[in-house]
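Okay, thanks everyone, let's get going.

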Amino acid sequence: MRLYDELADWWPLVSPPSEYVEEASEYLRLLRAFEMWRVETVLELGSGGGNNASHLKRDFRMTLVEPSDGMRAHSVALNPECEHLPGDMRTVRLGRTFDAVFIHDAIEYMTTEEDLRAALLTAAEHVAPGGVVLVAPDATRETFEPGLTTEGGDEPEVPGRGFRSLRYMMWTLPPKPGESFVETHFGMLLKERDGTVRSIHDVHHNGLHSRATWLRLFDEVGLDARLEVRTLEGTAYDTFVAVRRASGAQKRQ
């Protein structure tokens with residue numbers, strides 16, 4: 001996925017932190033509503049450029065795990081007071097637990113049940129007994145709608161240097177029969193400071209799982225989950241809030 005690799009330097013123009021105020025307030029509300037004790041430490045898996053953390057760090061001590069070096073560099077610059085670590089949410093093991101674990105839309109890259117279960121197991125193994133796991137996918141199979149989005153932004157202009165601009169089209173296709181993921185195509189136009197413009201096509205595969213699958217996998221890894229709703233710009237999104245069972249017991253497969 002070129003967006004998080006060779007194009008990571010352009011991320012603030014794709015998704016600036018200022019656009020996450022409403023989202024972060026919803027995640028704060030959900031964490032506060034379901035905590036069994038006061039949540040102070042939060043592990044975010046797949047933290048990307050740190051946009052959510054830039055708001056949540058006001059209320060929690062954040063540890064951020066992100067596999068992309070470029071995206072993690074943005075977050076380090078934005079959130080220098082947070083701990084940053086490399087790692088894949090399916091396999092990372094830190095050897096400690098937190099009051100809460102948060103996974104935002106990076107969970108969308110779990111395209112199979114095996115991947116999704118592995119990520120949820122990581123969350124379960126890093127949350128203290130009675131602690132909270134909050135997972136916020138863009139869609140479940142029941143709520144998914146294909147569609148087209150166009151957005152972008154401009155850098156602040158530096159006198160004598162010009163500024164970079166980016167515009168993109170994000171086109172999400174319907175799922176193919178029998179597949180547990182959908183294709184999202186990004187068409188991006190990148191204008192450099194010297195005025196030259198180039199185009200990029202980037203394809204992402206995003207997991208698409210039913211609510212029943214989500215809840216079953218949470219249960220299998222020792223998390224008692226419930227389906228909640230977060231509302232962003234008037235639209236309701238499926239959100240999962242789970243509590244780790246006191247024993248942390250997983251069910252045998």
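Let's start with strand 10 and strand 11: strand 11 covers residues 235–244, and the two pair in the antiparallel sense over ten bridges. Arg230, for instance, has Tyr237 in strand 11 as its bridge partner. For the record, helices (H or I, at least four residues) and strands (E, at least two) are DSSP runs, numbered from the N terminus, and two strands pair if DSSP finds at least two bridges between them.

Quick housekeeping before I go on. This is a predicted model, where local features need pLDDT of at least 70 and side-chain atom pairs count only at pLDDT 80 or more, while totals for chains, interfaces and linings use all residues. Residues are numbered from 1 along each chain as its sequence is written, and side-chain values use heavy atoms, with hydrogens and water left out.

So where do those strands sit? They belong to an open sheet of seven strands with mixed pairing, in the order 3-2-1-4-5-11-10. Strand 3 (83–85) and strand 10 (223–232) are at the edges with a single partner strand each, so one side of each has no neighbour in the sheet. From one strand to the next the twist averages 20°; axes here are lines fitted to C-alpha atoms, for helices over the stretch in contact, and angles run from 0 to 180 degrees between N-to-C directions.

Which helix lies across this sheet's strand 5? That's helix 5, residues 113–126, which lies across strand 1 (41–45), strand 4 (98–103), strand 5 (127–135), strand 10 and strand 11, and runs at about 140° to strand 5.

Four strands make an open, antiparallel sheet in the order 6-7-8-9. Its edge strands are strand 6 and strand 9 (197–207), each of which pairs on one side only. Neighbouring strands are turned by 15° against each other on average, direction ignored.

Going through it pair by pair, strand 6 (residues 147–154) and strand 7 (residues 165–172) run antiparallel and are joined by eight bridges. Glu151 has Tyr168 in strand 7 as its bridge partner. Strand 7 is also joined to strand 8 (residues 181–191) by eight bridges, again antiparallel. Over there, Trp171 has His185 as its bridge partner, and Thr172 stands opposite Thr184.

On to the aromatics. My rule is that rings of Phe, Tyr and Trp (its six-membered ring) pair if their centres lie within 6.5 Å; planes under 30 degrees apart are stacked, over 60 edge-to-face, and the rest tilted. By that rule there are seven aromatic pairs. Take Tyr4 and Tyr109: the ring centres are 5.8 Å apart and the planes at 85°, so we call this pair edge-to-face. Tyr4 is in the segment before helix 1 (11–14) and Tyr109 in the loop between strand 4 and helix 5, 105 residues apart.

Ring pairs link Tyr4, Trp11 and Tyr109 into a cluster.

Then there's Phe102, buried at a relative accessible area of 1%, and Tyr27, which counts as buried at 0% relative accessibility.

Two charges deserve a mention. The charged end of Arg164 sits over the ring of Trp10, 4.1 Å from its centre, and Lys191 lies over the face of Phe163, 4.6 Å from the ring centre. The criterion is NZ of Lys or CZ of Arg within 6 Å of the ring centre and within 35 degrees of the ring normal.

Last stop, two buried polar residues. Asn206 lies in strand 9 and is buried, with a relative accessible area of 11%. Its side chain makes a polar contact of 2.8 Å with that of Thr184; that means a pair of N or O atoms within 3.5 Å, where within protein one must be able to donate a hydrogen and the other to accept it, and residues adjacent in sequence count only if both atoms are side-chain atoms. Leaving out residues up to four places away in sequence, Asn206 touches several others, including Glu108, Tyr109 and Phe181, with contact meaning heavy atoms within 4.5 Å.

Arg72, in helix 4 (residues 69–78), is buried as well, with a relative accessible area of 15%. Arg72 and His84 are twelve residues apart in sequence and 7.3 Å apart in space, C-alpha to C-alpha.

Terms used:
Buried < 20%, exposed > 50% of the residue type's maximum accessible area, 1.4 Å probe, protein only.
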